[in-house]
Amino acid sequence: MLCAFLRVVQHMEKLPGCLGGQLLPHFVHTKACLKTQPLRWGLFEQKKTVHPRTELGFTRKTFCTQGPDPQKAKEDSSKQVSVHRNQRGETGLSMSQKVKEAGRDFSYLIVVFFGVSITGALLYTVFKELFSSSSPNIIYGKALGKCRAHPEVISVFGKPLKGYGEMSRRGRRQHVSFVEYVKNGLKRIRVKFYIEGSEPGRQGTVHAEVEENPQSGQFEFRYVYVNVTPMRSIIIEDNRSQES
Amino acid sequence: MEEYAREPCPWRIVDDCGGAFTMGVIGGGVFQAIKGFRNAPVGIRHRFRGSVNAVRIRAPQIGGSFAVWGGLFSTIDCGLVRLRGKEDPWNSITSGALTGAVLAARSGPLAMVGSAMMGGILLALIEGVGILLTRYTAQQFRNAPPFLEDPNQLTPKEGAPAPGYPNYQQYH
């Protein structure tokens, strides 16, 4: 039991951080002194029966010594431990090991790079979708704003107007259908979504189209109209007359 | 257009909660089975018993926490849709952030902010994957960009109706 206690002390001495290593043994070893002194004979007997195991390159025999010597024994043991560790450390770093380490580090780097690039691509897609003026979602948002402000639409559908896109299989309706095409060298995007108001059963389809303005690079509305029934449409905005 | 006559929203919460629970139970079951197998003493019978025990104890817990996450996310999402009146990717990202914040509420405000950021970024990534998938699978079916006329509803300003809009197939 006492040798177990001393073994714990020895392990605690090897703790990382020289502060802990130095503070601790000081009063642990005084306790050890107190304990080893009266039990000197007992210890030596024990020493004979316990067969000396090589623990980290030195036997227990050197450790269990009497009163004034534990300090020196501890220093010896710590020196022995550090030397032994050094020897083992040196034999570890041969050339092949270094190459293996470098190869492993390189492969980890590749994996990290891969992951970061995929995440970056996804985040870029999301930002482009949410913030650039050429994304269908932004066009849908602006067109919905125009619909909400138009008095005829309000009178037909009712005040809190809500808009949504195509129904997907999970029941979420975030996807807005759109077509992109080029005419006269300028890009145009046509968007279609649905609106519904507080009037029950009334659903309208909104069609909006934007064209790229070559000077500013922004997309501007060409027309916005609402198809209330197959028979009736409300034209909210028609800017085609401004074209040449 | 729509096959269902009803709104998806309140029923979507139950849908999402159940789906998340199933995912958690199945995924958690597989992981816990392997973990229980490995952590059991040597011997096939011990290992199987350890595996079954681990699944029996932990898989419902994992399923439950997934279900809480999914249900809360869907609730906040439907709430935002109702509030804003439009369905957007912004709803999903904000819902993810708020769900993360609410579920970390016991650990104090700083943990809530961190959890909210994680939830928001996770949902943004999921939305990104969804958007990319939709765009690319739709592009497969698209033929060469057509010459699209202006719709008939516009040219006579009285709004004479068009019989049908033939270019609808081009939408994706």
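Reader: At which residues of chain A does UniProt place the feature "transmembrane region"?

Author: This is a predicted model, in which local features need pLDDT of at least 70, side-chain atom pairs count only at pLDDT 80 or more, and totals for chains, interfaces and linings use all residues. Residues are numbered from 1 along each chain as its sequence is written, chains are lettered from A and ligands numbered from 1 in the order in which they are written, and side-chain values use heavy atoms, without hydrogens and water. The UniProt entry is unreviewed, and such annotations may be inferred rather than shown by experiment.

Reader: How far apart do the end C-alpha atoms of residues 106–127 of chain A lie?

Author: The span is 100% helix and 0% strand, where helices (H or I, at least four residues) and strands (E, at least two) are DSSP runs numbered from the N terminus. Its end C-alpha atoms are separated by 31 Å.

Reader: Which cysteines does a disulfide join?

Author: A disulfide is a pair of cysteine sulfur atoms within 2.5 Å, and a search of the whole structure finds one over all chains. Its S to S distance is 2.1 Å, and the residues joined are B:C9 and B:C78.

Reader: Is the disulfide of B:C9 and B:C78 left-handed or right-handed?

Author: The handedness follows from the torsion about the S-S bond. That torsion is about -110°, so the disulfide is left-handed.

Reader: How many residues apart in sequence are the parts that the pair B:C9 and B:C78 ties together?

Author: B:C9 lies in helix α1 (residues 9–38) of chain B, whereas B:C78 lies in helix α2 of chain B. The pair therefore ties together parts whose separation in sequence is 69 residues.
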